[in-house]
Amino acid sequence: MSTVTEPHRLWHNTRYLTWLLSDTSKGLAAALFGFAIPLLALIVTNDPAQAGIIGAAGMVARLLMTLAGGVLADRHRRIALMLLGSLIGIVLAGAFTLLALGDAMTFGSLLVIDVLLAARSGLFDVAGESAIKEIVPDDAMGRAQAANQGRDAALQLAGGPLGGLLLGFGGWAVGAVMTLCHAIAALTAWMLGRQARRAGLVDTGAAGENGDDPDDPRRVVAEHAVAATDDLGFGTPAAASTPTPKPNAWAELREAFGWLLSRPDLGGVLLITTVVNLGFNAAITTVIYALQQDGHSELLIGTLSAGIGAVMLVGAVCAPLLVPRIKAGVLTIAGLSVAAVGVIALTMVTAPWAIAVVLGASVLLVPALNAGMMGYFMVATPTHLLGRANSAAGVLGMGAMPLAPLIAGFGLAWVGREWTLLLCAALCLASVALAVGNRALRALPVEAGWAAHAKQFESA
C-alpha cells in the first residue's frame with residue numbers, strides 16, 4: 001500500500017517561527033533606516049544629488065561586504081553570525097540615536113552612518129538568509145519564501161507610516177526604535193542557537209542512519225548546529241583531529257561565482273535581475289525625492305509607502321496559491337511586465353494618491369515573483385555553498401543598484417522628473433525583453449518540480 005507524505009507544516013516549525021521573528025525585527029530596523037536616510041539627507045542638504053551620493057555610498061558598502069559575508073556564512077555557524085550582526089546593529093543604531101540627539105546630522109555624518117549600517121547588513125544578512133535552508137525542508141521552501149514576502153510587505157506597510165511618524169519627533173526616535181528592533185533580533189537569534197544545538201544533539205545520532213544522503217535535513221542540522229565551545233561558536237562544526245588547508249577567501253568566492261555562472265538555470269537570470277532592480281528602484285527613489293522637493297510631508301510619503309506595502313501584502317497572500325500552480329518562469333515574466341507598465345504610467349501622474357495607485361498595481365505580482373525565484377535558488381544551491389552563492393547572486397543581481405539613487409538625484413537636478421522616469425521605464429522594458437528571450441528562465445517549473453529540475457544541472 002502506497003503512503004502519501006504529508007506536506008511540511010510550516011507554522012508548526014518552532015525554529016522557523018523563531019528565525020522569522022529575528023529576521024523580521026532586523027528587517028523593521030532596516031525598513032525604518034531605509035525610509036529615514038533619504039529624507040534626512042534631503043532635509044539636511046536640500047540637494048537631491050547629495051542625497052543620491054549618500055544612498056549610493058551605502059549600497060556600494062553593502063555590496064562589497066556581501067562578498068565577505070558569503071564566505072563567513074559558509075565558514076561559521078550562520079545562526080551565531082545572526083546574533084553577532086544584531087549586536088553590532090545595536091551599537092550602530094545607538095550611535096545614530098546619539099548623533100540625532102546631539103543635532104550632529106550633517107552630510108558627512110549621514111554618509112558615515114549609512115555606510116556603516118549598510119556594511120553591517122552586507123556582512124551578516126547573508127547568514128540569516130542562508131540559515132533558512134537548515135530550518136525548512138525543500139518541499140516547503142516555496143511556501144516559506146512566500147511567507148517571507150508577506151512579512152516584507154507588512155514591514156513596508158508599517159515602516160513607511162511609522163518612519164514618517166517617528167521623523168516628526170526627530171531622527172533620534174527612528175534610531176531608538178531601530179536599537180530596540182536589533183535587541184529583539186539578537187535575543188531571538190540567541191534562542192534560535194539554543195534550539196539548533198538541542199536539535200543537533202538529537203539529530204546527530206539519527207544522521208548516522210542517513211549518512212549517505214547529503215540532502216537529508218537531519219544531516220544539515222548536524223553539520224551546522226553542533227560543535228560550539230561557546231555561545232557564539234565560531235569554530236567549524238567538525239573541528240577534529242584531521243588538519244585542513246588554510247582557507248582562501250578568494251578561492252572560495254571564485255568557486256561560488258564559477259558555480260553560479262555555470263548554471264544555465266540560475267546564471268542567465270542575474271542580468272535580468274540587475275536591469276530591473278536598477279530601473280524600478282531608481283523610479284521609486286525619483287518619486288520619493290520629487291515628492292519631498294515639492295514640499296510634501298514625511299508622513300504623507302510614508303503613507304504612500306504603506307499603500308505599496310498593503311498591495312504587496314495582498315500579493316504575498318496570493319503567492320502561496322500561485323507558486324505551487326504556476327511556473328516560476330511565467331510568474332517572473334508576468335511580474336516584470338506589470339512593473340514595467342507601472343513605471344511608464346508614473347510619468348503621467350504627479351498627485352500622491354495617483355502615484356500610490358500606480359505603484360501599488362506595479363508591485364502586485366512581485367511577492368510571487370520573488371517567492372518563486374528565491375525558493376528555487378534555495379532548493380538548487382548545495383548547503384555548503386549557500387552563503388557564498390547568496391552573496392555572489394546578490395552582487396551580480398544588484399551590482400548596478402548604487403546607480404539608482406544617483407540616477408534619481410542627478411536626473412531630477414539635470415533633466416527633471418519625467419525624463420528620469422522615462423529612463424527608468426526603458427530599463428524595466430529591457431528586463432522584460434531579456435526575460436522573454438531567456439529559455440532557461442521560461443523553463444523554470446512549479447514548486448513541486450524544483451528539486452528534480454535542479455538535479456539535471458548538477459553534473460553539467
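The model is predicted: local features need pLDDT of at least 70, side-chain atom pairs count only at pLDDT 80 or more, and totals for chains, interfaces and linings use all residues. Residues are numbered from 1 along each chain as its sequence is written, and side-chain values use heavy atoms, without hydrogens and water.

H10 spans residues 298–322 and H13 residues 366–380. Helices are DSSP runs (H or I, at least four residues), numbered from the N terminus. The two pack at an angle of about 45°, with axes 7 Å apart. Axes are lines fitted to C-alpha atoms over the stretch in contact, and angles run from 0 to 180 degrees between N-to-C directions. The crossing of H10 and H13 is right-handed (the near helix is turned clockwise from the far one by less than a right angle). H10 contributes Met312, Gly315, Ala316, Ala319 and Leu322 to the contact, and H13 contributes Val366, Pro367 and Ala368. Contact means heavy atoms within 4.5 Å. The residues of this contact comprise seven nonpolar, one polar and no charged. Ala, Val, Leu, Ile, Met, Phe, Trp, Tyr, Cys and Pro count as nonpolar, Asp, Glu, Lys and Arg as charged, and the others, Gly among them, as polar.

A second pair is formed by H8 (residues 249–262) and H14 (residues 386–397). Their axes come within 9 Å and cross at roughly 70°. H8 is therefore roughly perpendicular to H14. This crossing, too, is right-handed. On the H8 side, the contact includes Phe257, Trp259 and Leu260. Among the H14 residues they meet are Arg388, Ser391 and Leu396. The contact of H8 with H14 holds 10 nonpolar, one polar and three charged residues.

Glu447 lies in the loop between H17 (439–442) and H18 (450–455). Its relative accessible area is 10%, so Glu447 is buried (under 20%; exposed is over 50%, partly exposed in between; 1.4 Å probe, protein chains only). Leaving aside residues up to four places away in sequence, Glu447 touches Asp139, Ala140, Met141, Gly142, Arg143, Val323 and Pro324.

The model has zero disulfides (pairs of cysteine sulfur atoms within 2.5 Å). For Cys424, the closest cysteine sulfur is that of Cys428, at 7.1 Å, too far for a bond. Cys424 is buried, at 0% relative accessible area. Cys428 is also buried, at 0%.

Conventions:
Angles under 35 degrees count as roughly parallel, over 145 as roughly antiparallel, 65 to 115 as roughly perpendicular and the rest as oblique.
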